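The sequence and structure come before the notes.

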Amino acid sequence: MGPARARGGAGAGGRRRIARRLPLALLLAAFAAAWAAGFYLLWQSDVPSDLDLPAVEASELLSAAELEEARDYERFLRIDFLLAELTVLLVFGLYARYGDRFTRESAAGRIGTGMLLAMLGFALLWLAQLPFGLAGLWWERRHEVSEQDYGTWILESWLGLGGAFLFVCLAILIVMGLAGPLRDHWWIPGGAVFVGLAVLFAFVLPYMLPSQEPLRDPGLLAATERFARDQGLEEAPPVRVQEVREFTTAPNAEAAGLGPSRRVILWDTLLDGRFADAEIRVVLAHELGHLSREHIWKLVGWYALFAFPGAFLIARATRRRGGMREAESVPLALFVLVGLSFLALPLQNAFSRHLEAEADWVALETTRDPEAAQALFRSFGTTALADPSPPTWSYVLMETHPALAERVAMAEAWEARAER
Amino acid sequence: MKPHPIRVVVADDLVRSRLTVLFRLLLAIPHLVWLLIWSIGALVAAFVSWFATLAAGRSPRPLHDFLAAYVRYATHVYAYLSLAANPFPGFVGEAGSYPVDVEIDPPERQSRWKTGFRLVLAVPALVLANSLVGGFGGGGGTRTGGTGEADAPAWFDFSGGGVLLVVALLAWLACLVLARMPHGFRDFQAYALRYGAQTWGYVLLLTDRYPTSDPALPAAQPPPKPPAVRIAVEDDRRRSRLSVFFRGLLILPHAVWFLLWSIAALFAAVVSWFVTLAAGRTFVGLHRFLAAYVRYWAHIAAYFFIVANPFPGFTGTAGTYPVDLQIDPPARQSRWVTLFRLFLAFPAWLVAGGLGSVLLVVGVFGWFTGLVTGRMPEGLRNLGAYAIRYNAQAHAYLYLLTDRYPYSGPWEWARPEPEEELEPEVAAA
């Protein structure tokens, strides 16, 4: 064969390769475009993009002693969190390497064995994280933030592990069930099924939270009606009070549910007299903001943005072990999942803070009471021992809410804007 | 391995006198009074023997003989009460004088450590004895008997429940009707009495050899007719500590699946009942479905109670698990037995319930032992397998897989050998 012909042959081969890969490249490009569009839509917010937050120093919010106590409290929990996260990675890393040995502990088929391996992975993780959990509880008890006893905590954690086992078995059933006929393409329907499950979970979550009673305070109920109307909700969602004071003194609230299951849940520690009615109204407006701005749906959408690529990466990573058809791949899949979750943590937290900032803004627009908002955020520094300005790494890795200093700054910015 | 120093010897012909059966509990009253008095003496003797064994490394012969006679006598009384034997026993616990007798070796050297901590060491055996025989764990004083007819002395107390009591009550009815003790019942009772005797022999310092819960040491005679549901054990007794520790949670997916399957099995059983009533036998498909369900139950029970190690599959397929059930294919069934199956199954379910509590004890001890040693003691494993087999037979009977009644004798490990009437069967349990 002459050189010219060889060149011609190589050129034809290259064109064939390109032609073969073109659909895949186009598909990936379309997927990337859809992902970017989804990201853009989810990132839309009511918070004005030109909002200029004033600099608020932590020392302006808390006294020196309070600040020292909050920082001391959070420092320990940060280190505890970091060590626990590193332990997770280490345990799953080792499990990915050696976990397939546990296949000999199973007489079940490939899916049953996969379930066992997944459960054992979580069991090892529970064991490895137990000391960090207990250390965290000890610290919270020492600072009178938690009042839960160790036995109850371990029991609840154990029962929680049982719930995790059931969930992980369902996940393995779906993944390995799909990987049987679809082989490496399981991630396409698999991602969709997991998003469906996320929707289902978001719907049923409010019914699974224990010890809920309807809110009975007429003033707060009237405020709820008014705020819901102002925020454009067709009807005010029910407000429930959850009994937690037996376990903790920390105040908290949440918005949960989809459609008919939507509700606002206030912890009873918020209603124990430490907070003024105006502050509680800010909390109510904030939680209603989550519902009126469809944050639960946005969280599901955010999950969907990561579910598909995550499932794809797991499918790719496990190919050398036979893919998710084989039970031996499960430990590696767990490691990849946990590694990706860890890597996605900063982005996840950033999105969460973004939504919380929007809910804060909506609350300010609804209550038009920045003083109450500032007082509320300041009191979180003393009641929940929250550090008003945490270190950057902790802010990025751990904080799902804006720092207290940022929240106070937003209230000040809103006030300044309203006065204009 | 050397035979256990305390052995039960059975030379019983299964024939029962209806009259003495009817009044058995009342007839036993003098024995119960005497046993109570003797128990006080045995308590004092055991206390002295403890010091002597601790000092000399072996129990003094007179004390040993006294306590051996006490254990033997108590076993005679229990055998009489539970209908494991027919004749009225003597009052002195004489060796070789009763159809359900106890052989006890002469005193041997005992470990001083085991002697020093005997009561603590005996706790697991006492708990298991209590679940098998009932009341063995009791202290002094008296309690009202479980039948409500008399007070019983507490050391060999008949009141605390246990499978022996359930079997005794059922045997009482059977003996009144048939004038004959069902073979399986008698063999179970002999096994339970053997374990009780060994436990109390251990507590009273007759030996430092731990009681063996193994129904295979030695095995009982096989049942007269081969059962339609049999257990096959191919377990190497090795246990994964990690999976043992989390066993209670690892079973959760199986629990959910079993619950769902149970709903379907219930409907299938109703259909099978009508089919069997009409045709005299059930459809092969229904039989296969229900057999898989019962086998699956046996697999997950074996896993949960540490009787087996590997995580079971979800399909109840035969031959896939080290503790497995062999279930005969569908056969003709009596329409009468089918018609009244629910009522007929009731006594079997009582026994199954009792053995279920034994299985729980096996699971708890197996959990601790498996966690510490990474192995399951053979005796506990075999006892667990026996309890699972009986429960599976009760399931199979209820779900119309067979019309053969569950067999309560622990015969699984019996070697096939010709049975001769009235030949002593060494520990027919």
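This is a predicted model: local features need pLDDT of at least 70, side-chain atom pairs count only at pLDDT 80 or more; totals for chains, interfaces and linings use all residues.

**Geometry of the helix**

- Helix 6 of chain B comprises 15 residues, and its first and last C-alpha are 21 Å apart, close to the 21 Å expected at 1.5 Å a residue.
- At Pro124(B), helix 6 of chain B bends by about 40 degrees.

**Burial and cover**

- Buried residues in helix 6 of chain B are Arg118(B), Ala122(B), Ala125(B), Leu128(B), Ala129(B), Asn130(B), Ser131(B) and Leu132(B).
- The cover over these buried residues includes helix 5 (112–116), helix 7, helix 8 (183–203) and helix 14 (341–373) of chain B.

**Domains and their contact**

- Chain B is assigned domain 1 (6–203) and domain 2 (229–398).
- A distance of 31 Å separates the C-alpha centres of domain 1 of chain B and domain 2 of chain B.
- Ten residues from domain 1 of chain B and nine residues from domain 2 of chain B take part in the contact.
- On the side of domain 1 of chain B that touches domain 2 of chain B, helix 6 (118–132) and helix 7 (163–178) of chain B each supply at least two residues.
- Helix 6 of chain B gives the largest share of that side, five residues.
- That side of domain 1 of chain B has eight nonpolar residues, two polar residues and no charged residues.

Key. Residues are numbered from 1 along each chain as its sequence is written. Chains are lettered from A and ligands numbered from 1 in the order in which they are written. Domain bounds come from an automatic or database domain assignment. Two residues are in contact if their C-beta atoms, placed from the backbone, lie within 7 Å. Helices (H or I, at least four residues) and strands (E, at least two) are DSSP runs, numbered from the N terminus. Ala, Val, Leu, Ile, Met, Phe, Trp, Tyr, Cys and Pro count as nonpolar, Asp, Glu, Lys and Arg as charged, and the others, Gly among them, as polar. The expected span of a helix is 1.5 Å times one less than its number of residues. The bend at a residue is the angle between axes fitted to the seven residues ending there and the seven starting there. A residue is buried if 20 or more other C-beta atoms lie within 10 Å of its own, exposed if 12 or fewer, and partly exposed in between; C-beta atoms are placed from the backbone.
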